[in-house]
Amino acid sequence: PQDNFIEGIRREFPLLNQLVDDKPLIYFDNAATTQKPNTVIATVEDYYRSANANVHRASHALSAIATSRFEQARQTIADYLNAPSPKQIIWTRGTTEAINLVANSFGQSFQPGDQIIVSEQEHHANIVPWQLLAERSGAVIKVIPVQENGELDQAVFKQLLNERTKLVAITHVSNALGTINPVKQMISQAHDFGAKVLIDGAQALPHFQVDVQELDADFYVFSGHKIYAPTGIGVLYGKESLLESMPPWQAGGEMIEKVSFSGTTFNRLPFKFEAGTPNIAGALGLAEAVRWLIKQPFDLISQHEKALFDSALDACSSLKGFRRIGCPEKHVSLLSFTIEQFHQQDIGLLLDKQGIAIRTGHHCAMPLMHALGLNGTSRASFAFYNTLDEVGQFATALEQLISPISIPVKAAIHQDKTG
Ligand code: PMP
């Protein structure tokens, strides 16, 4: 029944059914972005075909339809995250913009000597906005180290927390290793010191549902494109009192209540943070992706994702020089690895020749790679539309790659150069 189920799911993703260099595409780059099901594509198309108008402004019928669908989409996301109110769902372009919004708005009150705690696991999107804020405000960044096994050092985290800690910004799931962090416990520990916590959920929502109230997160951010929705749309969830107290960030239409040259007053939540015409089609696409996800049998999906990971690790572990990077437990279906003697770029290129798409390099997490003493990894990130057969082909391709007769591409190039 599992096979039938996955075959059925695959038929809903038109892009999966294509050839790369005459070989069927094997798409293992889901942590970078996921493919889109027909229903999401149809929702975006239908919006442009039948309901396109600007939202909230005009008093005409089409605008009313667009506005109603747009606000319904916000409600869908609020329900999915168990946010108390749709007012607490701010549309952004993605995770990156959501973090920048918090850094530029919530961060405005930061004083010299205030502390921001991030971790060594972070994506650059959850590091650089805080560095810019630290430069502007005189705040200081403290870093939770990652242990060799890919987990955050919780003892150091506890030592770093103190009354000057204004914000803890950590990822729920590492995009480079797949580690799931114990964020609920970390949020509670941060709250004991009065610190607020932002959770980067970009790699969590693709694998499990999140209840922002249960976590007690102050801010929770994610990108639509990693959960089967279009690019250019994402979400900032925030506690209402915090969002109310924060100044606007970007300014323009929609975020104002009244504008005059003697002064401007700002719109209420969530519009205060949504200057300019939003990505309406993207928001509808994201809501549709969520409606579609809710209908899928969650148990079957997580079992299948686990089976993909286990079988990939099992098949690869016996390969000469193969080393998995990441913690043994508490991880999503993402396999980060190195193969001795092979540069990741070569692994990526050679797999690409077999139609297999993976990601190689530092995964926008240079401090993490540095901490682990690596210059990068190869990353196969699975989604539930992937099959065990694809995993088998991936393992076979790696085996061929490292068999004695094959010469690594880089080595071949060097040999050419040296004569
Ligand atoms: N954080 C994490 C953990 C991510 O994996 C990513 C995307 N790779 C981002 C932030 C940035 O997301 P986006 O580019 O969609 O803004």
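**Sheet architecture and local backbone features**

Pro270 is found in the loop between β12 (263-266) and α10 (280-295), and in this predicted model the peptide bond that joins Leu269 and Pro270 is cis, with an omega of about -5°.

Asp216, which is located in the loop between α8 (212-215) and β9, adopts a positive phi of about 65° although it is not a glycine. Within helix α12 itself (residues 344-353), the buried residues are Gln344, Asp346, Ile347, Gly348 and Leu351.

With regard to the strands, seven of them form an open sheet in the order β4-β10-β9-β8-β7-β5-β6, in which the pairing is mixed. The edges of this sheet are formed by β4 (89-92) and β6 (140-144), each of which pairs on one side only. Averaged over the sheet and with direction ignored, neighbouring strands are turned by 20° against each other. Helix α7 (residues 183-191) packs on the sheet, where it touches β6, β7 (165-171) and β8 (196-200), and the direction of α7 makes about 160° with that of β8. Elsewhere in the sheet, strand β9 (residues 219-223) and strand β10 (residues 234-238) run antiparallel and are joined by five bridges; in this pair, Tyr220 stands opposite Tyr237 in β10.

A further loop position is that of Thr387, which lies between β17 (377-381) and α14 (388-402). The relative accessibility of Thr387 is 14%, and because the threshold for burial is under 20%, Thr387 counts as buried. When residues up to four places away in sequence are not counted, Thr387 touches Ile6, Glu7 and Arg10, together with His304 and Leu308.

Note on methods: Residues numbered from 1 in each chain as written. Predicted model: local features only at pLDDT ≥ 70, side-chain atom pairs only at ≥ 80, totals over all residues. Heavy atoms only, no water. Buried < 20%, exposed > 50% of the residue type's maximum accessible area, 1.4 Å probe, protein only. Helix = DSSP H or I, 4+ residues; strand = E, 2+ residues; numbered from the N terminus. Contact = heavy atoms within 4.5 Å. Pairing = 2+ DSSP bridges. Axes fitted to C-alpha atoms, helices over the stretch in contact; angles between N-to-C directions.
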